[in-house]
Amino acid sequence: MVSDGDCVAIFHSIHRVMKAEKVLKTGGVDILLIPVPRQLSSDCGLAIRFTAESRPELERVLGEAGLAIAEIWQKQAGSFSQLM
């Protein structure tokens, strides 16, 4: 579900991740709502997958909406590294 090079944004609650999905799709950012990968932990169980190239646009759109991302992870060589 998450390919090498893809990023995953985790939020503090299910409400925030659902609102982020709506804001991002309305803003034209290419994202996908996914279950949080098993290697990562999250209280809400859902995350947003996006490409590394779309990260600046994703952060801009969420910032304008006042939505904070709890963590950003990127998959590289089969494992995740935390970017934020």
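Helices, of at least four residues, and strands, of at least two, are DSSP runs numbered from the N terminus. In this predicted model, the chain contains two helices and five strands.

**Strand pairing**

| Strands | Direction | Bridges | Example of facing residues |
|---|---|---|---|
| Strand 1 (residues 6-10) and strand 4 (residues 71-76) | antiparallel | four | Ala9 and Ile72 |
| Strand 4 and strand 5 (residues 79-82) | antiparallel | four | Gln74 and Ser81 |

Strand 4 and strand 5 form a hairpin with two residues between the strands. In this hairpin, Ala77 adopts a positive phi near 55 degrees.

**Overall form**

The chain has a radius of gyration of 12 Å, which agrees with the value near 12 Å for a compact globule because that value is the one set by its 84 residues. Along the principal axes, the C-alpha trace extends over about 30 × 25 × 20 Å.

Of the contacts with a separation of 6 or more, 64% are between residues 24 or more positions apart. Buried residues, those under 20% relative accessible area, account for 38% of the 84 residues.

**Surface and charge**

The accessible surface of the chain amounts to about 4700 Å², and carbon and sulfur atoms contribute 50% of this area. The side chains include 9 positive and 10 negative ones. The centres of these two sets are 5 Å apart.

Methods: Residues are numbered from 1 along each chain as its sequence is written. This is a predicted model: local features need pLDDT of at least 70, side-chain atom pairs count only at pLDDT 80 or more; totals for chains, interfaces and linings use all residues. Side-chain values use heavy atoms; hydrogens and water are left out. Two strands pair if DSSP finds at least two bridges between them. The radius of gyration is taken over C-alpha atoms; the globule rule is 2.2 Å times the number of residues to the power 0.38. Buried means under 20% relative accessible area, exposed over 50%, partly exposed in between (1.4 Å probe, protein chains only). Contact means heavy atoms within 4.5 Å. Accessible areas come from the Shrake-Rupley method with a 1.4 Å probe; for residues, only the protein chains shown count as cover. Lys and Arg count as positive and Asp and Glu as negative; His and the chain ends are not counted. The place of a charge is taken as NZ of Lys, CZ of Arg, CG of Asp or CD of Glu.
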